[in-house]
Amino acid sequence: MQLSKVYKITGEIVCISNLHIGGSKDSIGIGTMDNPVIKHPITSDPYIPGSSLKGRMRCNMERRLGRYGTSREGKAEPCNCGKCIVCKVFGTLRNSGIGPTRLIVRDSPMTEESKEKGRRFMDEEGKSIYGVKHETAIDRKTGAALGGSLRPIEFVPADTVFKLEMNLQIYDEDNENEMLNFVKRALKSLEETYIGGMGSRGYGQIRLRNLKLNDEPFGLESVSF
Ligand SMILES: [Zn+2]
């Protein structure tokens with residue numbers, strides 16, 4: 001098996017709604033915030049982990065193609081067949097001879113423009129651009145709001161922009177067009193669903209813009225299936 005081509009996919013992720021990707025509260029100290037967003041340990045700027053984007057794309061494509069695995073308890077879990085395109089592109093846990101995971105998704109930092117906006121807001125308003133909302137916890141059985149249990153949730157505000165970067169590695173045995181279309185479909189699925197947490201409450205809606213494939217602009221309009 002030989003690597004025959006590498007596609008670099010770049011672009012921008014624009015937040016249409018507020019975004020919450022949970023971070024660890026250990027990293028910012030006790031007593032500050034129960035549900036912080038994930039931030040870079042040194043710069044403290046929020047970012048979107050590559051694993052988060054990749055996981056969402058994988059999940060969407062498993063649903064679309066009906067490629068689930070099933071655990072012993074009968075729960076849906078990631079496909080681990082080691083043969084299908086989902087496994088090839090996103091990887092498997094077991095060594096199945098399909099070679100390396102084809103898609104490498106980088107962490108997405110905020111654009112310089114968005115960082116600057118955050119700094120300006122801090123200078124002018126004296127507070128962080130990242131908001132905190134108190135969300136009601138819902139009783140899973142009855143759907144009723146649980147009294148007195150508003151949870152503070154930190155979020156990155158709508159209009160924040162992050163940089164997208166991923167590499168798709170094509171091996172000599174791969175169907176290049178099929179794989180590329182599959183990845184475009186997976187990208188489009190991000191716009192159709194959400195990223196991060198609490199998507200069903202409207203968080204994490206995004207739009208992809210300025211998409212480029214090896215520095216050539218491309219769109220997702222033509223993507224079908
Ligand atoms: Zn599979």
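**Note on the predicted structure**

1. Helix α1 is followed by G66, a residue whose phi is positive, near 65 degrees. The structure is a predicted model, in which local features need pLDDT of at least 70 and side-chain atom pairs count only at pLDDT 80 or more, while totals for chains, interfaces and linings use all residues. Residues are numbered from 1 along each chain as its sequence is written, and side-chain values use heavy atoms, with hydrogens and water left out.

2. Helix α1 covers residues 50-65; its 16 residues, at 1.5 Å a residue, should span 22 Å, and the end C-alpha atoms are 22 Å apart, which agrees. The expected span is 1.5 Å times one less than the number of residues. Helices (H or I, at least four residues) and strands (E, at least two) are DSSP runs numbered from the N terminus. The buried residues of α1 are G50, L53, R56, M57, R58, N60, M61 and E62. Buried means under 20% relative accessible area, exposed over 50%, and partly exposed in between (1.4 Å probe, protein chains only).

3. A zinc ion is coordinated at 2.3 Å by the SG atoms of C79, C81, C84 and C87. Donors are N, O and S atoms within 2.8 Å of the metal (3.2 Å for Na, K and Ca); water is not among the atoms, so sites may look incomplete. The donor residues follow the spacing C-x1-C-x2-C-x2-C in sequence. The angles among the 4 donor atoms are 104 to 114 degrees, and the site is tetrahedral; four donors count as such if all angles lie between 85 and 135 degrees. Both C79 and C87 are buried.

4. The structure holds 13 salt bridges, each a side-chain nitrogen of Lys or Arg within 4 Å of a carboxyl oxygen of Asp or Glu. One of them joins the side chains of K88 and E173 (4.0 Å, N to O). This pair links distant parts of the chain, 85 residues apart: K88 is in helix α2 (residues 85-90), and E173 is in the loop between β9 (161-171) and α4 (176-192).

5. K88 also meets D174 in a salt bridge (3.6 Å, N to O). Here again distant parts of the chain are linked, with K88 in helix α2 and D174 in the loop between β9 and α4, 86 residues apart. K88 counts as buried at 17% relative accessibility, and D174 is buried at 10%, whereas E173 is partly exposed at 45%.

6. R102 forms a salt bridge with E173, the closest N and O atoms being 3.8 Å apart. Because R102 lies in the loop between α2 and β5 (103-105) and E173 in the loop between β9 and α4, the pair ties together parts that are 71 residues apart in sequence. R102 is buried, with a relative accessible area of 0%.

7. A search of the whole structure finds 1 cavity of 30 Å³ or more. The largest cavity has a volume of about 30 Å³; a volume is the space filled by probe spheres set on the grid points, which are joined across faces, edges and corners. On a 1 Å grid over the protein atoms alone, a cavity is a set of points where a 1.4 Å probe fits but cannot get out, and lining residues have an atom within 4 Å of a point. The largest cavity is lined by L19, I21, V37, I38, P46, Y47, I48, V156 and F162.

Key: Tetrahedral: all angles 85-135°; square planar, octahedral: opposite > 155°, others 65-115°. 1 Å grid on protein atoms, 1.4 Å probe; cavity = no way out; pocket = protein on both sides within 12 Å on 5 of 7 lines; lining within 4 Å.
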